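Dear colleague,

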Amino acid sequence: MARFLTPKALRTLLPALSLAALLAAIFYLQPRTMSYFGLNLLLNLAVPIALATIAQMFILCVNDLDLSLGAFVSLTACITATWLNDTPLLGVLALAACVVAYGALGALIHLRNLPSIVVTLGMSFVWTGIAVLILPTPGGSAPEWIRTLMTLKPSLVPFPIIASVVIALVVHIGLMRSAAGTVLRGVGGNPKSVERAGWSLLRVKVTMFSLAGLFGVFSGMALVGLTTSADANIALRYTLLSIAGGILGGGEFVGGRVSPVGAVIGAITLALAGSFLSFLRLNPDWQIGAQGAILILVLALRLLVSSRERRI
Amino acid sequence: MKLSTLGLLCLSAAVGTLATSVTAVADTSDKKIALSNNYAGNSWRQAMLTSWEKNASAAVADGTVAAADAFTTAENQVTEQAAQIQNLILQGYDAIVINAASPEALNGAVKEACDAGVVVVSFDGIVTEPCAYRIAVDFHNMGKVQVEYLASRLADGGDLLEIRGLAGVFVDDEISGGIHEGVAENAQFKIQGSVHGDWAQDVSQRAVAGILPSLPEIKGVVTQGGDGYGAAQAFKAAGRPTPIIVMGNRHDELTWWKEQKDANGYETMSVSIAPGVSTLAFWVAQQVLDGATVPQDLSVPFLTISQDTLEENLANTQVGGVANVEYSLEDSLAVISDN
């Protein structure tokens, strides 16, 4: 038994354990959630957050931080609800251009050696500006196929759970189990040695930023599929949620240490934390603080585990 | 002491029974209504929540409904409110009354609620999902009447300053649209500047103080409510003559207007939506739960205060509050049958 509960295993299990504890508390407080219908309602808004968290994770993986993700997801949501619905070709082109723009940002940050926080903070205003230009007042409508996908009611297992598992597994296999993924992660851990081994750092950064852009686009599309229409400020919370979710799920700000499965679990945990506090009937003025307290609690637990890990 | 408390309890219990038998709506006595509100950071919203609280606790006490709880989101964000609505469905509320962060982007969550058999009533910030009930105010006209009032006062026209609300909220777009339509019809006016005051005095004062040095002489200030007093202070601080500032029914605005009226005969008007519309939304939800037929779209008039009705309205407005009209069940039934 003790052999399985090494600090390393504990560390990996911590995000899942926090989620399980939270879920148990929610089931206890509100037994209605323990049904197909309940889980669906409880978790469906976590899907776009999970996608945004994966996007942020790609950036964290190369030791950067993206402060524009919320604005970017809002922009892609606006494009999805307008162009992608009215003129699909233009919509696809615009969304592709968004991904390319993200890759170009990665190149800019790498070539000019700029701090990513400053560049992305600046870009967040650009994204919001374009979003307001595309959709000055809230509106638009979700393309029928996205709406159908996001409101799918498969038998037995609710769609949000299937979606989360698929997202986590696909990214896990691509980033953690493939040869290319190892190089990509290596840049976060030790860029010099990756460069000496003959890999282009520029290409890695551009790839990671493009992947982040791609998942940002997915997040915006998923969000519109749920809300049915968009708003230029629809996803501003996602910047902080995605960073918190990535870290909560076992990622680190430096060192290329990330976990796709953890990131998805972290995102779901954060989304559930909001529901948990609301079921507790906590005064909303305290809810942001309480959400922060949950984050600090989980991170403190992790610190405890890591310090034991180092001692061994 | 003990005895009198006991007596009071008996009395209130007796009153409670009496009220139940008078309103006779036993059908909804086991129903739960929730208020989902996106923002509470100004005097109007505070008054709206107070009206809800007062009305709802009375309705719960006399057994009209089982619960009527208010929930406010912390960050005024669409995704947050959508999650809140879904949580309210899970908590088993029979009706959800919404003041929405966005008219469109909550439709997914509202549809989920309707599909789960929950009655959805939106007011002030309404939602467009067809299955929801809407209690709307003609915000567009609320902007337009301000310019029309100014046209009646200033025959020669002149330069105007516009103070807008919270950027990106549809109420702000509607009122502003009405103002601009009014200006287009009255070519003697020109809007020289436009700032966002977020419907709050302090924000408005800062914003107006910031733009004033770049403006010519301003004849009138068109507003959205909650911003008039701040604008007046900014003009005073800049040493500029006070223009005609349209007020928004807040206590500090009405007080300032009264002081000016007594001191130098200052004339203006005041217009806003009464925060007590939340109580109308409550009764509409209760009536729908009771099985009554209610039109999907209801409209309520806005509350206008003129030079003559100033004193009366000021006397009825709480310090820090907003001139208010609260709706009883009878008033609400009258509104429903009028529509």
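**Cysteines and the chain interface**

Searching the whole of this predicted model turns up one disulfide over all chains. The bond joins B:C114 to B:C131, with the two sulfur atoms 2.0 Å apart, and because the torsion about the S-S bond is about 80°, the disulfide is right-handed. B:C114 sits in helix α4 (residues 107-115) of chain B, while B:C131 belongs to the loop between β4 (119-123) and β5 (133-137) of that chain, so the pair ties together parts that are 17 residues apart in sequence. B:C131 is partly exposed, at a relative accessible area of 28%, whereas A:C61 is buried, at 0%. A:C78 takes part in no disulfide, the nearest cysteine sulfur being that of A:C98, 11 Å away, and A:C78 also counts as buried, with 0% relative accessibility.

Turning to the interface, 32 residues of chain A are in contact with 31 residues of chain B, and the two chains bury about 2,600 Å² between them, of which 55% is on carbon and sulfur atoms. On the side of chain A, the residues that lose the most area to chain B are A:L41, A:R237 and A:R281, which together account for 22% of what that side buries.

Nine residue pairs are in polar contact across the interface, and the side of chain A that touches chain B comprises 13 nonpolar, 14 polar and five charged residues.

With best regards

Definitions and conventions:
Residues are numbered from 1 along each chain as its sequence is written. Chains are lettered from A and ligands numbered from 1 in the order in which they are written. This is a predicted model: local features need pLDDT of at least 70, side-chain atom pairs count only at pLDDT 80 or more; totals for chains, interfaces and linings use all residues. Side-chain values use heavy atoms; hydrogens and water are left out. A disulfide is a pair of cysteine sulfur atoms within 2.5 Å. Helices (H or I, at least four residues) and strands (E, at least two) are DSSP runs, numbered from the N terminus. Buried means under 20% relative accessible area, exposed over 50%, partly exposed in between (1.4 Å probe, protein chains only). Contact means heavy atoms within 4.5 Å. Buried area is the accessible area (1.4 Å probe) that two parts lose on being put together, summed over both. A polar contact is a pair of N or O atoms within 3.5 Å; within protein, one must be able to donate a hydrogen and the other to accept it, and residues adjacent in sequence count only if both atoms are side-chain atoms. Ala, Val, Leu, Ile, Met, Phe, Trp, Tyr, Cys and Pro count as nonpolar, Asp, Glu, Lys and Arg as charged, and the others, Gly among them, as polar.
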